[in-house]
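Here is a short report on one structure. Look at the sequence and the 3D view, then read on.

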Amino acid sequence: MKGKPLVAVVSAGLSKFGKMEDFTGRELFVEAVKEALQRCPNLNPKRDIQAVFIGMMGESFEHQGHIAPMLSDWAGLLPAPAIRTEVACASSAAALRLGIFSILSGIYDVVLVGGLEKMTKRSTPEVTEFLGMAADFPFEQWTGVTFPGLYALMATAHMHRYGTTEEQMGLVAVKNHHNGALNPKAHLQKEVTLDKVLNSRMIAYPLKLYDCSLISDGASCAILTRPELAEKYTDSPVYIIGSGHGSDTLGLFQREDLTSLRAARKAAQEAYRMAGVKPEDIDVAEVHDCFTIAEIIAYEDLGFCRPGEGGKFIEDGSSLLDGELPVNTSGGLKSKGHPVGATGVAQIYEVFLQLTGQAGKRQVEGCRIGLTHNVGGSGATCFVHILRGE
Amino acid sequence: MEEDEKNEVPFTIEGFYKFLSEKKLMTAQCRECGAMFLPPRPVCTSCLSKDLMWVQLGTRGKLVTYTVIYVAPPQFQHLAPYAYGIIELENGLRLSGMIRNVEHEKIKIGMELEVAFDSTATEDWPKWPRYYFKPPS
C-alpha cells in the first residue's frame, strides 16, 4: 500500500476568492466547476462524472440548506447524485476523503469533490456567531468564547510554554500576504509589513486583525478518478498517495495539550505512513492558517520542525516561497481567503497547480510531493493529504 | 439533598445546569472505574459504564491559559473587551469561561481563580444560568 496511488486528481478548479458581491454560493461553485472542466477537455461531464461530494459549513450564511443536489443541478451534472459533508472548516477535505473512498470501493470511476461558503453578506458579529457554532455550545459559545478567542487561548499557551512571540506570529502573516499578492485568485492581493500586522487592532489578545484569516466568499473543486484511468483525461495527473483523518474533543478546554492538535498529529501520522514518505520529503505544503498561531502549530504537528520550534521555523525563513519548505504558496487562508467550506479542496487546487507546474509567479521549481492540512473548529477535526506529481 | 435523591438527576447538560442554578458545581464520576469527566454525560467515556454518581467539585482552580476578546458575537458585544480563560480544577478537570473582577493587565497563567455563579437564567432557550471565574473571595 505504501506510496501506491489511491486516486488520481485529473483536474481542479477555483472561483475567485473575495467579497463577491454579485454572486451567491451556487454561482461561485459553477465558476469553480467550469474551470475544472476547461482544464480537462477529454472529460464529458454529463457522461463521466458519477457522483458529487461537497463540503459546506453553515446553512445560516445564505439561509440555504440541502445544497448538494442543487449544486449538482446548477453545475449541469445531474443526474449525478450529490451529498454534503460538514465538519466545520474542514468540510471539503471530508468531501475529498469520501470521494477517495467512493473510488477505492469500486462504486465509481470518476467523481467531483469540492466545497463552498458565501460569508460576506453577513456582518462580522453574525459571522463570528455562525463560526462559533463549531465550538461546544453549552460550555464554549454559552460562556462567551469566539473562534479567534479559542486560537488566542492556544497562542497564549504556546507563548507561555515555548517563548513564541507576537513578532513570529506576525511573520506568518507577512509571508502569506507576500504569496497571496502573487495569486490572482486571492482575496487580499497585497503585501503587509510586520509593523502593520503588529499595530493592527486587537481581535482577541494576542491575535490582532492581521493574525486572522479573512471572511471570504469562494468555491473549489477537484475531479478524481481511478489511477489507471487517469491518462484518459490528462497527460499530467497528480496522485493522492496518503489520506489521514483525526478527531478530538469539541471543547478546547477538554484537551490536555493546548499547544498542539492531537487530531492533526494523528492525521499526519496516518497520511505519512500510507504515502511512505517523511516530513523531510515534502516539497510544498498548504496548511490551515486560520490564525497565524495555527500555522506555527501546524509546522510542529506535521513534523516540519520539533514541538516548540514553530516560531523559529518561520523566523529563519524555512517556510518562505524560496525557503527549504514553502508553506502556503497560495497565500493561505490569511491572504487567499477562508470561505470555510471551500478551503480543504482549495488547498488541493494549489498543490495540483504546483505539482503540474501551473502556479505562475509563485511556482516552486522542481516540486514533486505536496501536502495539505485542513483543520475543523479548534482542532476537533483534521485531515492531511499527500499528493505526488509525475 | 440526599445522596439517592441527588443521583436521580440525569447525567446530562440540563442536570449540570440545574445544579449550577443552585450554585453547585457538579459532575459525574463512574462507579466502575472511578473516572471523572466534565461535562457530565450519560456514559463513562473511559469504560462505557452507565453506573455513575454526581460529585460536587470545589470551585477553586488555576488559570491554564487566557485571552481578551475584543470582537464578540452580538449577545456578548456589550461586555467587550472581556477576559476569557481555561481553568484547571481539582482532579485535573477543566472548564472555560469569562474572567471578571481582575484588571486585564494583571491576569497571569497559574493565578488562582474560582468559579462564580450568575443565577439569572435566560428567558428563552436554553434557559441555563451562567458561570464565570473571579479571584477567590
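Helix H4 of chain A covers residues 91–104, which is 14 residues. From its first C-alpha to its last, H4(A) reaches 20 Å, close to the 20 Å expected at 1.5 Å a residue. That expected span is 1.5 Å times one less than the number of residues. Helices (H or I, at least four residues) and strands (E, at least two) are DSSP runs, numbered from the N terminus.

This is a predicted model: local features need pLDDT of at least 70, side-chain atom pairs count only at pLDDT 80 or more, and totals for chains, interfaces and linings use all residues. Residues are numbered from 1 along each chain as its sequence is written, while chains are lettered from A and ligands numbered from 1 in the order in which they are written.

Why is H4(A) largely enclosed by the rest of the structure? Because 10 of its 14 residues are buried. Among the buried residues of H4(A) are Leu96(A), Arg97(A) and Ile103(A). Just after H4(A), Gly106(A) takes a positive phi of about 90 degrees.

Now turn to chain B. Chain B has two helices and eight strands. Buried residues make up 34% of its 137 residues. Its domain bounds come from an automatic or database domain assignment.

| Domain of chain B | Residues |
|---|---|
| domain 1 | 3–56 |
| domain 2 | 60–134 |

The centres of these two domains, taken over C-alpha atoms, are 22 Å apart.

Terms used. Buried ≥ 20, exposed ≤ 12 C-beta atoms within 10 Å, placed from the backbone.
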